[in-house]
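These are my notebook entries on what I looked up in this structure. I record each point in the order in which I consulted it.

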Amino acid sequence: MYYQKNIEQTLKECQTSKQGLSPEEVDKRHLQFGKNELDEKKKDSPLMIFLKQFKDLLVIILIIAAIVSGISGQLESALVIVVVIFVNAVLGTVQTLKAEKSLESLKKLSIPQVKVIRQGQLQEIDSTDLTIGDIVQIEAGDIVSGDGRIIESSSLQINESALTGEVESVDKITDTIHQDVVVGDQKNMAFSGSLVTNGTGRYVVTSIGMQTEIGKIASMLNEAKERKTPLQKSLDEFSGKLSIAIMFICAIVLALNLFLAKQSLLDSLMIAVALAVAAIPEALSSIVTIVLSMSTQKMVKENAIIKNLNSVESLGCVSVICSDKTGTLTQNKMTPQTIYVYNQLLEIKDLDSHNHDHNVLLKACLLCNNSVINGEQRIGDPTELALIDLVNTHTQNDTSFKNTAIRKSELPFDSDRKLMSISSLNHIYTKGAPDVILQRCSTILINGHKEILSKRHMDAIVAKNQEYANEGLRVLGFAYKDYKGTQVTLDDEHDLTFIGLISLMDPPREESGDAVAKCKMAGIKPIMITGDHVVTARSIAKKIGIYEDGDLSIEGQQLEKMSETELDEKLTRISVYARVAPEHKIRIVKAWQKRGDIVAMTGDGVNDAPALKQSDIGVAMGITGTEVSKDAASMILTDDNFSTIVKAVITGRNVYRNIKNSINYLLSGNFAGIICVFIASLLLLPTPFFPVHLLFMNLITDSLPAIAIGMEASRNDVLKEKPRNSNDSILNKQTLSQISYEGIIIALCTMCAYLMGLKGDPLTASTMAFATICLARLLHGFNCRSDQPLTKIGLFSNRASIGAFIIGFTLLHIILFIPFMHSLFMIHTISFTQLLCIYGFALLPTIIIQARKMLTK
């Protein structure tokens, strides 16, 4: 533990000196320790991604069907099946590679530079070339690279919010810390990824790459396994059940044709294979991929990048959102809230630089400050930057103010004495902890006059300070006194005049409250998880609606002491977790997942990364988020806006609804075809469909309307629904009932047309059955757009559905009426009367289904 070693011991152990390393030693250490970079998880090659597309039971059945078709001489059938499988695999591969490319575009275009001392010379190098024993020089605005023991510090403050989650900067020291402390209290160490907000300093690099604190967290990501999305689970379960059902039905049909119809083994096998091709929705994986892909493109426009296509749908059943506070729900920017001068509580807008008391307070804010604002560049501690903003806002029209606000000497802030003092032309101004300031004051400024600081005055100030603290605000005290010297000393920080208090906080984002309200309306439990103090966290949570009466707020230490049973009992009532470590976040996520909930975790810091990966949906911030958090997340918000998650939930729920409607369409149509083939086999009638008919149905009447259904517009009314259970199957009782009902109606109407055609010859019967089922399924595409009737959703509200119907209708009639197509598709010329029969029987299922919806909805 280098924080427990003194500077000399650290330099000796790292085999270096304050003059730095020699080039030869640097080369040697590069070979020994490697580069200063985090290990990246090895990505699958495009070929491996392509091969993984075939890991599906339905695809394997289709491959077997293609082999049987090829052996039996049906080469065109085998070729079409193989083409469909290949196209699906290519689509899945392309989408995966595109998602990876989108993520890569988010990474930094250049490697950060660091200033190091090597052989006594200051030089700038790539951060990746840093090695153990290097002496690094830092100043305000720099990003720390590599972990190290601080050996020089001049008013050095470092913001470690990316690592600890706390927005306030840490005052860094060079003294040895003897007791065991957590990372956040190792004040003599600098940690990789942190931002220097004030002062200057130097540190000796003690660890690089995966050995840094960031690296340790990154290694935890490998232990957090990625989970399958609810849609993947549902489709896996669906594929398994459908495969078993298909094999069972095919076995029965094979047996009927072999033993009852006395057909040859090859002919019987071909009928069974044709039935399998008819039953399997080959287009399903393509349709799911296309719908998810279109949704991801839509979400990019809404400031959300999805890394995994299936994650879109997972958002639809999120029931818990565990959100980091800093930078996610809040602005990550300290802002003054109220000002207290004796017996007077001021709003920020009430400040007046021409008022003597206010003028003195503003000068204290300006002078006791080391931050810098230069145009868009803001360097310094967030609290001090907030005070500069306060001064600039209220003195922009006061030309005399800054002429008299001149710094001469500084007594830097010290974490032990908790004060900072500055001497000006005629005064000393002091800023610090209110309780310490009060102890140093003997008078108080009231309406331009200095009065003796009585117990009554002190009690009022202490009460106000406590009130602010209870509200989770950070409070600073200010004091001053007359001074004619040149260099302020510790002895000068006495007999001060108390000026007032300023309360500050990292305020909630304006849109956070509305987003939280929408989450609750959608049945989603929002939870705040932060490294900040519990009072501050609870205060913010109350403001935005996460914390309500009856809820609990606990700290990480309390969580550690809880047993699994106790945590499970209190879990639903805990809305705020404060002072938590990365392992606490993972435990919270796992506790909710154990209950069967789908958990989204938002965050931007390195400390959030393990929980982002453990959660079902990890949501990282694109602007303020660290690269580690982005790599671990499933979704990245390019605007860092919490409300974007709500839009994503709406999209996710609509995606699931559209995919489910597409599956209803595919299965009800396929079920109709199965029933027709099964009835014909049972009644020993000629087959109603030839393999080429089934392939046309799969490629045209399956794909086009199903894709159009997947493009149905999103509706905000899904937020009024409760999140569905992740264990709910796509094929629940209600869905199976609907598929069976609609499939039977289409099959009965098709068989009626078939029997009418059978009065002539088998080829005419087959032609009428094929035309009827194709047209009925094209019309059925309108039924499956919604559970509402067309009179409510509008026939023309989805132009893709109209287009799909027109294309399918046109292609079908080209086959029916162009003689050249007849031999290719095994079609018989039909009369005008037969065509009218086809139209009537094809339209009847839609009339029945729409009438039922109008009566029940």
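I began with Met528, which I found opposite Val576 in β23. I then looked up how the two strands are joined: two bridges link β21 (residues 525–529) to β23 (residues 574–578), and these strands run parallel. I note that the model is predicted.

Next I turned to the sheet that holds this pair. I listed eight strands in an open sheet, in the order β8-β26-β25-β24-β9-β21-β23-β22, and I recorded the pairing as mixed. Which strands stand at the edges? I found β8 (304–306) and β22 (552–555) there; each has a single partner strand, so one side of each is left without a neighbour in the sheet. From one strand to the next, I read an average twist of 20°.

I then checked what lies across the sheet strands. Helix α24 (residues 642–682) lies across β8, β9 (320–324), β24 (599–603), β25 (617–621) and β26 (635–637). I noted its direction at about 135° to β26.

My last entry concerns another helix. Helix α12 (residues 356–367) has 12 residues, and I read 16 Å from its first C-alpha to its last, close to the 16 Å expected at 1.5 Å a residue.

Key: Residues numbered from 1 in each chain as written. Predicted model: local features only at pLDDT ≥ 70, side-chain atom pairs only at ≥ 80, totals over all residues. Heavy atoms only, no water. Helix = DSSP H or I, 4+ residues; strand = E, 2+ residues; numbered from the N terminus. Expected span 1.5 Å × (residues − 1). Pairing = 2+ DSSP bridges. Axes fitted to C-alpha atoms, helices over the stretch in contact; angles between N-to-C directions. Contact = heavy atoms within 4.5 Å.
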